[in-house]
Amino acid sequence: MALAIKNLGWHCPVLLDEAVNALITRTNGIYIDGTFGRGHHSRLVLTRIDSGARLIVFDKDPQAIQAAYQVADSRLDVVHGSFTKLREVLTSYGNIRLSGILLDLGVSSPQIDDPARGFSFRHDGPLDMRMDPTCGESAAQWLAHVDERELIRVIRDYGEERFAIQIAKAISARRAASRYLGPLERTSELAKIVGRSVKTREKGQDPATRTFQAIRIHINQELSELPIILETALESLEQGGRLVVISFHSLEDRIVKRFLQSNSRAPAINRYIPIRVADLPTPPLRILGRVFASEAEVVANPRARSAVMRIAERVLE
């Protein structure tokens with residue numbers, strides 16, 4: 001079936017074939033793409049499933065949703081919003097079970113490359129960083145009132161930035177001067193403030209990288225939503241259904257790894273309690289492995305260097 005997608009903007013998906021190969025277990029199933037982006041994973045899924053199958057895609061980004069609506073395929077359903085809506089959506093379908101769920105976490109290339117979105121420290125733009133600019137608080141609005149201790153926590157914990165205290169103090173000092181300089185509202189100015197506060201940095205990495213990552217994660221509640229998303233995914237999979245998660249930094253991957261491990265191990269029991277192994281409850285997931293981008297893919301797309309794909313299968317109803 002031909003798929004028509006126009007004006008998607010450039011985006012090089014990571015682990016495209018590997019993700020879809022891991023996801024598809026049966027061609028007549030119901031599948032989820034939790035982050036449509038510009039639709040490369042979804043389009044490939046649609047080439048692998050039957051006419052009676054279905055693909056439900058989610059995205060917070062209105063531009064991604066606009067791209068999804070341009071896909072001319074009756075098997076595709078589009079949901080504007082976070083994947084945390086999954087339970088609500090499945091209820092509207094009659095509590096169906098899913099054959100596979102794909103989550104491609106983090107920010108996409110079109111979001112980073114568009115200065116108007118405010119994700120990039122390399123291009124001047126409004127300090128926004130919201131994946132859905134139609135709701136919630138922008139980065140500029142948050143920075144205008146956040147307590148310095150909370151700002152330190154966010155930069156330290158979400159950016160793993162060892163100069164978090166210095167950066168937060170510099171931002172607070174700039175905020176105190178707002179009556180003379182105006183509010184802090186541009187990505188280029190924030191990048192300069194951070195750059196002056198960071199004394200050393202890894203070779204090839206911009207000093208603002210970790211701080212921008214941390215603020216973006218906080219603004220979009222990426223890490224706080226992820227455990228909810230994973231629990232909902234586990235509840236929604238049919239027996240034999242697959243969960244495929246691609247993450248791009250250690251904080252995300254750590255949450256995914258621990259979730260899969262905790263749901264693939266038999267519960268700990270007191271060895272003095274008489275119980276047969278056969279009577280122990282079976283863990284709901286089986287870990288099938290993890291995949292990294294090939295050297296060739298990393299050369300073609302440097303963003304793939306940090307990608308980790310983890311795959312698990314539902315073993316219990």
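Modeller: Helices (H or I, at least four residues) and strands (E, at least two) are DSSP runs, numbered from the N terminus. This is a predicted model, where local features need pLDDT of at least 70, side-chain atom pairs count only at pLDDT 80 or more, and totals for chains, interfaces and linings use all residues. Residues are numbered from 1 along each chain as its sequence is written, and side-chain values use heavy atoms, with hydrogens and water left out.

Biologist: Which element gives the most to the lining of the largest cavity?

Modeller: On a 1 Å grid over the protein atoms alone, a cavity is a set of points where a 1.4 Å probe fits but cannot get out, and lining residues have an atom within 4 Å of a point. Among the 32 lining residues, T35, D104, L105, G106 and M131 are the closest to the centre. With 4 residues, the element that gives the most is α12.

Biologist: Is strand β5 mostly covered or mostly open, and how many of its 11 residues are buried?

Modeller: Buried means under 20% relative accessible area (1.4 Å probe, protein chains only). By that cut-off, strand β5 (residues 237–247) is mostly covered, and its buried residues number 9 of 11.

Biologist: What is the bridge partner of V244 in β7?

Modeller: Two strands pair if DSSP finds at least two bridges between them. β5 and strand β7 (residues 308–314) run antiparallel, joined by 6 bridges. In β7, the partner of V244 is I311.

How values were computed: Buried < 20%, exposed > 50% of the residue type's maximum accessible area, 1.4 Å probe, protein only. 1 Å grid on protein atoms, 1.4 Å probe; cavity = no way out; pocket = protein on both sides within 12 Å on 5 of 7 lines; lining within 4 Å.
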